[in-house]
Amino acid sequence: MEPAPEEGPGQGPAAPAEELPAVAPQLRELRRRTGLTLEAAAARARLSPAHLSRLETGQRQPSLPMLLGLARTYGTTVSELLGETPAAPDPIVRGGGAGAREADGWTYWQAGGSGRGMQALRVHVPYGRSQGELVRVHPGEEWLYVLTGRLRLHLGETEYLLEPGDSAHFDSLTPHRIAAAQQGGADLLFVHTLLQSALAGLCLGGTPRPKI
């Protein structure tokens, strides 16, 4: 999933920094560790330098698509961005573990271990939120499985309606977007690969694709 665009004027003030997850220090440290300038990192993550700067200083809260895009940019996981990486990988993720996180109306729970080549999440997609209109394109693969509700999946020029029990597995270089298809939203399991090779950096660069 490609990161969501920054908020425009008139959408209200940013949440106070003290209410945000402690993601800003990790963002700054990871960017410096990879040797990227603010401008280069923003281009790879398809954000403006100004918006990435606000994320790094805690003036904005990153949405889930932003976290996914930044994790790919820095070759890490959403868990590390949120400061949740354990000292040693644990193969078991308990249901009563880390609590839910919310970003722009989407709610998600960690469903896989940290420091792996893929990331697993349980996600609640609300009905009628703006993220459903964002087209995302990035290297890697994605797999999702609908738990409850109905989900619209757009892959290229084709739209699919997924019911509970349906799943999809696709190359995420195919332009894609998802949205809940009914009141009450949809719940799904979501797995995506993390590209950490030098080639991934080349794929993540370039001009952002238009969004519809």
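User: Why does Tyr 74 count as buried?

Analyst: The model is a predicted one. Buried means under 20% relative accessible area, and Tyr 74 has 7% relative accessibility, so Tyr 74 counts as buried.

User: Where is Tyr 74 placed, and with which residues is Tyr 74 in contact?

Analyst: Tyr 74 lies in the loop between H4 and helix H5 (78–81). Leaving aside neighbours within four places in sequence, Tyr 74 is in contact with Leu 27, Leu 30, Arg 31, Thr 34, Leu 36, Ala 41, Leu 52 and Glu 56. As for Leu 27, the two C-alpha atoms are separated by 8.9 Å, although the residues are 47 residues apart along the chain.

User: What makes the buried residues of H3 line one face of the helix?

Analyst: The buried residues of helix H3 (residues 49–56) are His 51, Leu 52, Leu 55 and Glu 56. Seen down the axis of H3, they fall within an arc of 140 degrees, and therefore they line one face of the helix. An α-helix has 3.6 residues a turn, so residues three or four places apart point the same way.

User: What covers the buried residues of H3, and which residues does Leu 52 touch?

Analyst: The cover includes helix H1 (24–34), helix H2 (38–45) and H4. Leu 52 touches Leu 38, Ala 41, Ala 42, Leu 47, Leu 70 and Tyr 74, not counting residues up to four places away in sequence.

User: Which residues touch the most other members of the largest nonpolar core?

Analyst: This core has 40 residues, and those touching the most other members are Leu 52, Leu 70, Val 123, Leu 144 and Leu 151. H4 gives the most to the core, with six residues.

User: How do you know that E4 and E7 pair?

Analyst: Two strands pair if there are at least two bridges between them. Strand E4 (residues 141–148) and E7 are joined over five bridges, in the antiparallel sense. Within this pairing, Leu 144 stands opposite Ala 168 in E7.

User: What is the order of the sheet of six strands, and why are E1 and E7 called edge strands?

Analyst: The order of this open sheet is E1-E2-E3-E9-E4-E7, with antiparallel pairing. Strand E1 (101–103) and strand E7 (167–171) are the edge strands: each pairs on one side only. From one strand to the next, the twist averages 25 degrees. Helix H4 (residues 64–73) packs on the sheet and touches E1, strand E2 (106–110), strand E3 (118–125), E4 and strand E9 (186–193); the direction of H4 makes about 10 degrees with that of E9.

User: How many bridges join E3 to E9, and how many join E4 to E9?

Analyst: E3 and E9 run antiparallel and are joined by eight bridges. E4 and E9 run antiparallel and are joined by six bridges. Leu 188 in E9 is the bridge partner of Val 123 and also of Val 146.

User: What makes E5 and E6 a pair, and to which sheet do they belong?

Analyst: Strand E5 (residues 151–155) and E6 are joined over five bridges in the antiparallel sense, against a requirement of at least two. One of the bridges sets His 154 against its partner Glu 159 in E6. They belong to an open sheet of three strands in the order E6-E5-E8, with antiparallel pairing. The edge strands are strand E6 (158–162) and strand E8 (176–180), each of which pairs on one side only. The twist averages 20 degrees from one strand to the next.

User: Why is the pair of Trp 143 and Tyr 145 called stacked?

Analyst: Rings pair if their centres lie within 6.5 Å, and planes under 30 degrees apart count as stacked. The ring centres of Trp 143 and Tyr 145 are 6.2 Å apart and the planes are at 15 degrees, so the pair is stacked. By this rule the count comes to one aromatic pair.

User: What is the phi of Arg 46, and is Arg 46 buried or exposed?

Analyst: Arg 46, which is not a glycine, has a positive phi of about 60 degrees. Most residues other than glycine have a negative phi. Arg 46 is placed in the loop between H2 and H3. Its relative accessible area is 12%, so Arg 46 is buried.

How values were computed:
Residues numbered from 1 in each chain as written. Predicted model: local features only at pLDDT ≥ 70, side-chain atom pairs only at ≥ 80, totals over all residues. Heavy atoms only, no water. Helix = DSSP H or I, 4+ residues; strand = E, 2+ residues; numbered from the N terminus. Axes fitted to C-alpha atoms, helices over the stretch in contact; angles between N-to-C directions. Contact = heavy atoms within 4.5 Å. Core = buried A, V, L, I, M, F, W, Y, C linked by side-chain atoms within 4.5 Å. Buried < 20%, exposed > 50% of the residue type's maximum accessible area, 1.4 Å probe, protein only. Arc of directions from axis to C-beta. Phe/Tyr/Trp six-rings, centres within 6.5 Å; stacked < 30°, edge-to-face > 60°.
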